[in-house]
Amino acid sequence: MRILFSVCMMLLTLTVTAQKGLPEDFLSSEFHKNRREALRTQMPENSVAVFFSNPVRNRANDVDYVYHQDPNFYYLTGYKEPHAVLVVFSEYQTNSEGKRYNEILYVQERNARAEQWTGYRLGVEGAKEQLGFEMAFNGKEFLESGIDFTSFNSVLYFDFKDDYRDSKRNTADLYSLIQSFKQQIHVLEAFDIDNKKDQIEEEQDTQVVQSKVKTDTRTLGRLMAGLREVKTDEEMVLLKKAVRISAMGQREVMKAMHPNMSETEVQGVHEYVYKKYGSEYEGYPSIVGAGHNGCVLHYIENNKTKLGNDLVLMDLGAEYHGYTADVTRTIPANGKFSKEQKQIYDLVYEAQEAGINATIVGNSMRDTDAASREIINKGLVKLGIAKNEADARQYFPHGTSHHIGLDVHDTNLRGAFVPNMVITVEPGIYIPEGSDCDEKWWGIAVRIEDDIIITENGPINLSAEAPRKSDEIEALMKEESVLSGLQLPKLD
């Protein structure tokens, strides 16, 4: 028994030691605390908000996908581990010992054996010392939290997606936490009812049974969207770095590109640059589509073996400390736009310029879209590709802008632009093979996408380091790549 105890203590020491040398430019605990306070000031009187961490998702058998925290949970806590609950009260509460508090964080318990397999856990003490929570407990204590939800005018939470699994080895996993919460607020789903016939009489045919607790699954989404759509200065530091890293990836690929490359290799160059600059992940599945593949808006197979003389549409974004960029460039694999490729490209560039110029305080996404779409519609008619402006819509089938931040399509209230919002401007033209136009246009797909910060003095293009003009792209593609000398042994 003493030996087992010694081993466990040694593992705990090792995991703590292993945390040294981590990046030091994460969001501060003060940032997260301020965001909780900002939420609290907007919550209804005498209300409580309950947030749950993201589920662990299985990839294959006993291997899970890399864990990624729920953005709202991370925004409010900085906690990056699963099986956790955050409770935020609109006003101070007082416990039986006379202690006042307005928030509680429940975290997964430290476990030396588990940490040997899946890494260091903050635990209760870490949540207090590193995240700044005064009230922090192990998750199992939420199972019988003692919170009287009936005493609040409203209980705010996000509706559950039911994409979480029940771990038989963890009595305080997300499944258990959510089931306990449902019981505590007396909202029991059909499968719960069958197991609680002694508590609920004559309700077997009812899908949901509610008590006096007033639950609200709508308000919290609106409140969080209002907070997250405007970036703080601290957030902007990380978001700008994510964008610059993504722009550097586009630059390096422009120099490294040649017709014998594969889509997969192009993807690899981008993602290597991300890692080199310290980006932990890609913000979304990388899109590298050559020729007709670029006409598939969310093409992620990236398996064409040779690019040839195609245009290559590259929509990729680095995620840096949780914040995700979204930058797209379209370049000729052989380094030179053909006549038709250049005509389409320059038309999209002109449309993007108009969209960026419309990204000003007081406007909205409708304005950026209208400005870009007007130029593309008229241009496609002039080139003889579309019969009329209504017909042109099929070649530009998506919207022009979306917010970015902790999500690549960041949550927002869809209102007027205000300073420190960051959006994309990304018009495109896609002409699939078999389209009702001259064959010389078939297989041409162009999207140009940049990340724009809205300021009182007009829009600023955060991803401008990646060339956008067709002649600037061709010039950069003539430069030597740092990867040119990389030759791996042949395997066949």
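**Nonpolar cores**

In this predicted model, the largest nonpolar core comprises 88 residues. Leu39, Phe51, Met257, Met314, Leu380 and Ile429 are the residues with the most contacts inside this core. Helix 9, spanning residues 233-256, gives the most to the core, with eight residues. Apart from this core lies another, of 24 residues, which includes Val50, Val85, Phe89 and Met135.

The surroundings of Phe51 can be listed in detail. With neighbours within four places in sequence left aside, Phe51 is in contact with Leu39, Asn72, Phe73, Leu76, Ala84, Val85, Leu86, Val88, Phe158, Leu220 and Met224.

**Sheet and packed helix**

Six strands form an open sheet in the order 6-5-4-1-7-8, and the pairing is mixed. Strand 6 (136-138) and strand 8 (215-216) are the edge strands, each pairing on one side only. Strand 7, residues 154-156, runs parallel to strand 8 and is joined to it by two bridges. Within this pair of strands, Leu156 stands opposite Asp216 of strand 8.

Helix 8 (residues 219-228) packs on the sheet, where it touches strand 1 (47-52), strand 7 and strand 8. The direction of helix 8 makes about 80° with that of strand 1.

**Asn377 in helix 12**

Helix 12 covers residues 365-382 and contains Asn377. Asn377 counts as buried because its relative accessibility is 10%, whereas the cut-off for burial is under 20%. Leaving aside neighbours within four places in sequence, the contacts of Asn377 are Glu389, Ala392 and Arg393.

Methods. Residues numbered from 1 in each chain as written. Predicted model: local features only at pLDDT ≥ 70, side-chain atom pairs only at ≥ 80, totals over all residues. Heavy atoms only, no water. Core = buried A, V, L, I, M, F, W, Y, C linked by side-chain atoms within 4.5 Å. Buried < 20%, exposed > 50% of the residue type's maximum accessible area, 1.4 Å probe, protein only. Helix = DSSP H or I, 4+ residues; strand = E, 2+ residues; numbered from the N terminus. Contact = heavy atoms within 4.5 Å. Pairing = 2+ DSSP bridges. Axes fitted to C-alpha atoms, helices over the stretch in contact; angles between N-to-C directions.
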